[in-house]
Amino acid sequence: MNNVKIVVAGPRGNMGKEAVKMVAATDHFTLVAVIDSKNDGKLVADLPDMPALQVPVYTDMGRCFSEHDADVLIDLTAPAFGRKHMETAFAHGVRPVVGTTGFSDADIKELRHTSEEKQLGAIIAPNFAIGAILMMKFSQMAAKYLPDVEIIERHHDRKLDAPSGTAIKTAQLISEVREAKQQGHPEEKEELAGARGADFEGMKIHSVRLPGLVAHQEVIFGGEGQTLTIRHDSMNRASFMPGVRLAVETVLGIDTLVYGLENIIE
Ligand code: NAP
């Protein structure tokens with residue numbers, strides 16, 4: 001593979017920091033610039049706890065793409081910015097690989113339209129951990145036989161969106177094989193609002209936010225006299241980087257938007 005020129009947005013964040021390290025450590029990748037919410041005009045080497053890279057920092061993504069030739073944007077920022085960043089990348093002929101969560105179905109539909117119109121591939125992955133993708137695939141397989149299911153996702157307490165993109169994606173995959181079905185007692189009553197969690201076609205999704213956690217999910221199935229639990233744990237942000245690398249390599253060869261890493265992993 002030829003050298004891939006990459007811009008990382010969100011380089012001081014937990015995910016972005018790992019992405020900067022991964023890009024710098026990959027022979028056929030070159031980090032050409034980073035997009036930060038501050039520190040315009042500095043170098044990556046000037047930012048605290050960052051590798052000593054002489055790579056420029058921009059706060060204006062449009063200006064960055066006007067001044068640097070880039071193939072791929074890796075976006076790991078915040079739900080409010082993911083869509084805008086993708087639109088800016090498309091406008092400059094750059095292919096986005098996005099881990100930022102919080103996209104609606106309408107966002108994805110419209111972004112896919114732009115991607116196809118411009119013939120620029122894009123990948124949005126609510127979870128880049130390959131083990132988490134397998135958890136989702138195994139859950140879909142189990143739901144065909146055990147349609148009573150509840151999802152418990154656990155994340156660090158700085159996470160802005162709930163439920164997690166992975167939990168929603170898991171529920172969407174399960175709903176492809178499971179008929180909508182109300183779970184629990186038909187007359188159950190919440191003594192405290194939210195006690196039974198969020199409802200996705202009758203499936204319940206529970207979000208836990210605590211310091212010390214990274215990203216964890218259990219999918220629990222119940223049947224006559226049995227339960228089945230499928231669980232995945234990301235112990236640190238490095239667990240996401242093989243998936244980010246795979247997405248960067250894949251996005252160069254596609255001309256549509258792919259939502260979910262499970263669609264590029266056989
Ligand atoms: P984080 O530690 O809060 O980092 C986010 C970083 O983005 C911060 O440094 C923030 O800067 C910066 N930022 C915010 N808005 C920006 C903008 N407009 N331009 C440039 N930089 C901006 O969050 P994280 O844990 O790294 O997660 C980042 C995103 O990835 C979240 O949406 C999270 O849900 C998602 N995520 C995805 C995966 C996956 O596998 N797909 C895994 C974990 C997390 P300030 O602090 O100055 O605002």
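In the predicted model, residue I6 stands opposite V72 of strand β4. The two strands concerned are β1, residues 4–9, and β4, residues 72–75, which run parallel and are joined by 4 bridges. In a regular strand, side chains alternate between the two faces of the sheet.

Strands β1 and β4 belong to an open sheet of 7 strands with parallel pairing. The order of strands across this sheet is β3-β2-β1-β4-β5-β6-β12. The edges are formed by β3 (57–58) and β12 (257–259); each has a single partner strand, so one side of each is left without a neighbour in the sheet.

Strand β7, which covers residues 148–155, is joined to strand β10, residues 215–223, by 8 bridges, and the two run antiparallel. Within this pairing, H155 has A215 of β10 as its bridge partner. Strand β10 also pairs with β11, residues 226–234, through 9 bridges, again in antiparallel fashion. Here the bridge partner of H216 is D233 in β11. Strands β10 and β11 form a hairpin, with 2 residues between them. In the turn of this hairpin, G225 has a positive phi of about 65°.

The ligand sits in the largest pocket of the model. There are 22 residues around the ligand, of which M15, S37, T101, A125 and F128 come nearest. Sorted by class, the shell consists of 9 nonpolar, 10 polar and 3 charged residues.

A polar side-chain atom of T101 lies 2.7 Å from a ligand oxygen atom. In the side chain of R12, an N or O atom is 2.8 Å from an oxygen atom of the ligand. F128 contributes through its backbone, with a polar atom 2.8 Å from a ligand oxygen atom. Taken alone, the ligand exposes 920 Å², and the protein buries 78% of that area.

Technical notes: Residues are numbered from 1 along each chain as its sequence is written. This is a predicted model: local features need pLDDT of at least 70, side-chain atom pairs count only at pLDDT 80 or more; totals for chains, interfaces and linings use all residues. Side-chain values use heavy atoms; hydrogens and water are left out. A residue is near a molecule or strand if one of its heavy atoms lies within 4 Å of it. A polar contact is a pair of N or O atoms within 3.5 Å; within protein, one must be able to donate a hydrogen and the other to accept it, and residues adjacent in sequence count only if both atoms are side-chain atoms. Accessible areas come from the Shrake-Rupley method with a 1.4 Å probe; for residues, only the protein chains shown count as cover. On a 1 Å grid over the protein atoms alone, a cavity is a set of points where a 1.4 Å probe fits but cannot get out, and a pocket is an open set with protein on both sides within 12 Å along at least five of seven lines; lining residues have an atom within 4 Å of a point. A molecule sits in a cavity or pocket if more than half of its atoms lie within 2 Å of its grid points. Ala, Val, Leu, Ile, Met, Phe, Trp, Tyr, Cys and Pro count as nonpolar, Asp, Glu, Lys and Arg as charged, and the others, Gly among them, as polar. Two strands pair if DSSP finds at least two bridges between them.
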